[in-house]
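Here is a short briefing to read alongside the model. Keep the viewer open and follow the topics one by one.

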Amino acid sequence: MSQPTFKPYDAPSGGWGSAYSVANILIREKIPLTGASLLLKQNKPIDGFACVSCAWAKPHPSRPLSFCENGAKATAWENTSRRCGPEFFHRHTVSELLNWTDFDLEQQGRLTHPLRYDPASDRYQPVSWDQAFEEIGRTLKAMADPNEVVFYMSGRASLETAYMYALLARMYGTNNLPDSSNMCHESSSVALPESIGVPVATVTLNDLEKMDGMLFFGQNTGTCSPRMLHDLQQARERGAPIITFNPIRERGLERFVNPQSPREMLTPDETKISTQYHQLKIGGDIAAISGMCKALFDMDAAAVAAGRPGVLDRAFIEEHTHGFEAFKARMVGYSWPVLERRSGLSRSAMEAAAVSYASCKRVVAAYGMGLTQHRHGVEAIQMLVNLLLLRGNMGKEGAGILPVRGHSNVQGQRTVGITEKAEKVPTDNLRRQFGFEPPSDDGVNTVEACEGILAGKIKGFIAMGGNFVRAVPDTLQMEPAWRNLQLSVQISTKLNRSHLITGKVSYILPCLGRTEIDRQATGEQRNTTEDSTGCIRAWRGVAEPADERLLSEPAIVARLAKATLAANPHLDWDAWVGDYGLVRNAIAESYPEIFHDFNVRMMEPGGFHRPLGASKREWATESGKANFILPSTLAEDPDTEQGGHEQRDVLQLMTLRSNDQFNTTVYGYNDRFRGIQGTRAVVLMNSNDMARLGLAEGDKIQAVTVVDDGVHRAVGPLRVTAYNIPEGCCAGYYPECNALLPVWHHAKRSKVPAAKSIPVRLRKVIAFSDDPSVPAEPNPPANRGAA
Ligand SMILES: Nc1nc2c(c(=O)[nH]1)N[C@H]1C(S)=C(S)[C@@H](COP(=O)(O)OP(=O)(O)OC[C@H]3O[C@@H](n4cnc5c(=O)[nH]c(N)nc54)[C@H](O)[C@@H]3O)O[C@H]1N2
Ligand SMILES: Nc1nc2c(c(=O)[nH]1)N[C@H]1C(S)=C(S)[C@@H](COP(=O)(O)OP(=O)(O)OC[C@H]3O[C@@H](n4cnc5c(=O)[nH]c(N)nc54)[C@H](O)[C@@H]3O)O[C@H]1N2
Ligand SMILES: [Mo]
């Protein structure tokens, strides 16, 4: 690999950079021409497939080309012509593969055979499907307590798979159904029901067309949901201000050229996206939003005193909200110097944001991991809702709250039963439909599953997709603990590190991807997903399967169920696999309010939306109103501050995605927008902090977590790279930095790991070579961003 380079990237997001990047990956993955034409079916309803990348809404009618750079990469990644079959596993022991990077592992291509780990030869060996299901079923049946087993789900599988998987876990006897949203938008799932009585976004694409202003917090649109840039571009063309809060200047939120517009591609036209860009401190959001609220109260008082109409929506507040007076007293009582220190923004910046916000009548507030992955993630989201409520921006066209979801069906899986919380299960319906008693105790979420594995209480782990061991906190504690599992089953499309940390009995079960044709007894099957705006639609894979041996995810769940559970006269798993329409009928019976007439409605070209009371100003909260909820603190993290985070040599580290990855899947080493090429082993720092800490550009450091629980957590060597980021803050890449994140360092109540604020010290490393084959550090290579 060539030497890493670091230089600011001047081009806008989208544009030619995006077009080249798509072409490169199609060539690299040797996607045949028919494969490239796959992209024409991407995000096309009914007879096309939903993109496997992010969960952003798909417009109807669809655009002729309905994919983005990262969506194209995800499709190419799934449809690669490379295969990772038995001969590969014959050539490489698992111990050897443990030294490979995430990139190299997934580069081997699609998994083709069911595989069982053989400890004697330290290799994965091919087995028959029958043998695999028989042993897995036998091992599950032998567990002393169903709560010793975890059924994890990443966010990609369809509604049909998710429903069947949740049913399998509950019939087995457990609510241990953690999923990737426990590391992601669980903070939204806790915050929003308390504030407005729904767990998800209240807006649709129609609202984005009608909004006349937007607030944007902690979401990297250009990389993580690029198709949304079209909606932002259109808003800007209508003159709507977009006010962004992010510690770093993300290119997609600065300027954009639509790579599918010949006019824009050939002229210097680019759209400036954010009209105000506030580089607040990591974790400064509650203070920044409080500052905006305080400014609104000041403006309102001044307007009313001058006999002008106020800036608050008094009628809305009166009729629809609860807790306003206490909220006002708190906001008015905050002092500007404290708000400035906590947010890292000046009073005038917060006031300017408030003035711009108050100039709009219909505002949508969007946010991502920059809010949710903090100790106070739940409260930060509730503060954002408070800000919307002050001007009645909830439950009217063009306004509302928009958590931008991650995985392409992560929201939908929750809707059909993937949850550890017993109260969210439609117990009566399941009992009536299937004649069994669903478990009434809560199961474990992701953090609790990690704790259970560390404590030796969890003994079996089934993963429907994902790369659990790599995605969770405390890598260096989790990996050895994982080896004590009696059973680890990974249902996957590509090889990843979670496969290599084996338990006593370990299986890899390879499955079809969403882009592939799913042939069953009644013919080619459709599947359904729910996007970030609560829109549910039908899709169909169009590519030939990567291998004839692959089973679909519903087929794997059904075979696991048949091998594990006693026969049930009310449930014919084989019939369900033969016709996914029968699964949808069952979903409709369990969740009639959302899914009635599912098989018919899913065929509407624009899909159908789940009902959301808050979007009609119906508040399913305890007070029966939309609630103003007070934050408990302005501090970013009072717990770790006591441990010394106010010390001058401790920085707050946020762990980020590059433009060349999808979560733990690393497509390559180029973070184009951030100007980092050829490496992921970096720490991005403010140059004043570098000077203060005696570090120079290119120095190698080891990052060490500053908490006082007695565990040493370090990652490195990382290259010091000067970057436009506020003082006291620094950034590194996920998942390489996950070894720094303590498992207990999570959002209060939602337990989302606080991956955006890890207190660290940086220690200079003396002996280090840029040659990755020269080990310089005790860290396993996986914790260095290789190259
Ligand atoms: N290409 C691509 N697309 C993806 C993914 C991917 O890995 N690659 N992952 C998918 C998944 S599962 C998810 S959840 C989403 C994630 O998409 P995002 O929510 O965009 O997540 P991150 O990339 O982690 O970036 C979070 C942003 O928050 C900012 N930030 C960090 N700390 C703070 C803070 O304290 N306050 C504020 N205001 N901002 C902060 C960071 O600078 C960054 O811009 O994307 C999905 N789409
Ligand atoms: N430090 C830090 N940690 C984080 C985050 C962060 O920002 N910082 N982000 C968190 C977030 S938001 C998330 S969502 C999690 C992600 O956690 P996960 O969802 O567990 O991880 P992914 O990397 O998305 O999983 C990739 C693997 O999924 C498998 N796969 C891909 N497609 C399919 C399919 O169609 N079917 C099946 N069965 N398998 C498939 C492939 O084998 C691939 O290797 O990570 C979390 N961890
Ligand atoms: Mo996510």
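Predicted model: local features only at pLDDT ≥ 70, side-chain atom pairs only at ≥ 80, totals over all residues.

**Where domain 1 meets domain 3**

- On the domain 1 side, 16 residues are in contact with domain 3, which contributes 18 residues of its own.
- In general, the accessible area lost when parts come together is often used to give the size of an interface.

- Two salt bridges are counted between domain 1 and domain 3.
- Lys751 and Glu448 join their side chains in a salt bridge, with 3.1 Å from N to O.
- Ten residue pairs are in polar contact between domain 1 and domain 3, counting pairs with both residues at pLDDT 80 or more.
- Three helices of domain 1 each supply at least two residues to the side that touches domain 3: H23 (446-454), H24 (468-471) and H25 (475-482).
- Helix H23 gives the most to that side of domain 1, with four residues.

**The sheet S21-S22-S23**

- This open sheet has three strands in the order S21-S22-S23, with antiparallel pairing.
- Its edge strands, S21 (527-530) and S23 (608-609), each pair on one side only.
- Strand S22 covers residues 535-539 and runs antiparallel to S21, to which four bridges join it.
- Thr529 stands opposite Arg537 of S22.
- Helix H8 (residues 159-172) lies across S21 and S22, and runs at about 90 degrees to S21.

**The sheet S1-S29-S28**

- Here, three strands form an open sheet in the order S1-S29-S28, and the pairing is antiparallel.
- Strand S1 (5-6) and strand S28 (670-671) are the edge strands, each pairing on one side only.
- Two bridges connect S1 with strand S29 (residues 676-677), and these strands run antiparallel.
- Which residue of S29 is the bridge partner of Phe6? That partner is Ile676.

Key
Residues numbered from 1 in each chain as written. Chains lettered and ligands numbered in written order. Heavy atoms only, no water. Pairing = 2+ DSSP bridges. Contact = heavy atoms within 4.5 Å. Axes fitted to C-alpha atoms, helices over the stretch in contact; angles between N-to-C directions. Salt bridge = Lys/Arg side-chain N within 4 Å of Asp/Glu carboxyl O. Polar contact = N/O pair within 3.5 Å; in protein donor to acceptor, adjacent residues only side chain to side chain.
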